[in-house]
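My plan is to pick a few spots and write down what I find.

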Amino acid sequence: MIHEALRNELINAGADIVGFSDLKGIPKGDISHLQNGISIAVIKNLNQGTISLLTRLQKKAAMILKKEGYKYFSIPPDSDRVKGSFISKLYPLFTHKIAATSAGLGWIGRNGLLINPDHGPRLSLATVLTDAPLQAGAPVEFSRCGECTLCVDFCPSKAITGSDWSRSKPFVELVILDNCRSHKKKSRAVTDKPNCGLCINICPYGRKNAKKH
């Protein structure tokens with residue numbers, strides 16, 4: 001079946017996790033006919049070109065879909081950085097996290113990031129929308145952060161509101177983006193690094209497997 005071929009090819013090519021989702025009613029407009037999603041996840045590693053790897057994996061998925069006669073639309077991993085493009089306008093309406101939670105890869109934590117049970121918030125994502133018949137995973141409906149508030153308590157910019165995500169309220173304000181961006185800008189001026197990363201490093205789900213990678 002097409003979903004097994006996709007999973008095997010993508011895992012063999014370097015994906016850490018591949019998930020499939022039923023997105024009926026979510027894609028709108030010109031992509032409304034693409035009702036299924038392929039979520040491709042790799043463990044973040046700035047030294048090994050995570051974005052380049054995800055882009056190659058998307059191209060491989062597209063090649064398989066095209067060969068089998070299915071339509072597809074790739075939402076690239078850095079789509080939110082492409083200012084003024086069609087992709088950048090679409091991204092706020094359909095994010096990688098919508099596809100990933102719909103595929104059962106995890107939930108959205110209080111830090112606004114996808115939290116995977118095994119890798120925490122240490123995954124980078126890319127998405128391919130398609131009309132191919134896929135065996136969808138069971139979506140995650142609610143946050144599983146429980147009583148943990150480590151990312152809220154230790155956020156240096158006080159950007160994390162402490163709110164809980166659920167599929168019924170996917171756009172609840174989890175992070176005050178202006179606070180986060182301001183802190184990153186100040187940090188870059190001092191350390192020459194663009195990201196803070198504390199909310200990733202402090203997450204218990206991420207820490208338990210961090211030493212393995």
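How far does α2 reach from its first C-alpha to its last? I looked it up, keeping in mind that this is a predicted model. With its 18 residues, α2 reaches 26 Å, close to the 26 Å expected at 1.5 Å a residue.

**Entry: along α2.** Next I wanted to know which residues of α2 are buried. I noted Thr50, Leu53, Leu54, Leu57, Gln58, Ala61, Ala62, Ile64 and Leu65. Their cover includes α1 (residues 2-12), β2, β3 (72-75) and β6 (123-130). Just after the helix I found glycine 69, with a positive phi of about 85°.

**Entry: threonine 50.** I went back to this residue, which sits in α2 (residues 50-67). Why does threonine 50 count as buried? Its relative accessibility is 12%, and buried means under 20%, so threonine 50 falls in that class. I then checked what threonine 50 touches, skipping residues up to four places away in sequence, and got Val42, Ile43, Lys44, Asn45 and Ser124.

**Entry: β1 and β2.** Strand β1 covers residues 17-22, and I see that five of its six residues are buried. I followed β1 to strand β2 (residues 36-43) and found that they pair in the antiparallel sense over six bridges. Within this pair, aspartate 22 stands opposite asparagine 36 of β2.

**Entry: the cores.** Which residues have the most contacts inside the largest nonpolar core? I wrote down Leu105, Trp107, Leu114, Ile160 and Trp165, in a core of 24 residues. The elements giving it two or more residues are β2, β4 (107-108), β5 (114-115), β6 and α5. I also noted a second, separate core of 19 residues, with Leu6, Ile38, Ile40 and Leu65 among them. Leu65 had already turned up in my list of buried α2 residues.

**Entry: lysine 158.** My last stop was the loop between α5 (150-154) and α6 (177-191), where I found lysine 158. Is lysine 158 buried or exposed? At 56% relative accessibility, where exposed means over 50%, lysine 158 counts as exposed. Setting aside neighbours within four places in sequence, I found lysine 158 in contact with Asp153, Ile176 and Asn179. I also checked histidine 183, which is 25 residues from lysine 158 along the chain; their C-alpha atoms are separated by 9.6 Å.

Key:
Residues numbered from 1 in each chain as written. Predicted model: local features only at pLDDT ≥ 70, side-chain atom pairs only at ≥ 80, totals over all residues. Heavy atoms only, no water. Helix = DSSP H or I, 4+ residues; strand = E, 2+ residues; numbered from the N terminus. Buried < 20%, exposed > 50% of the residue type's maximum accessible area, 1.4 Å probe, protein only. Contact = heavy atoms within 4.5 Å. Pairing = 2+ DSSP bridges. Expected span 1.5 Å × (residues − 1). Core = buried A, V, L, I, M, F, W, Y, C linked by side-chain atoms within 4.5 Å.
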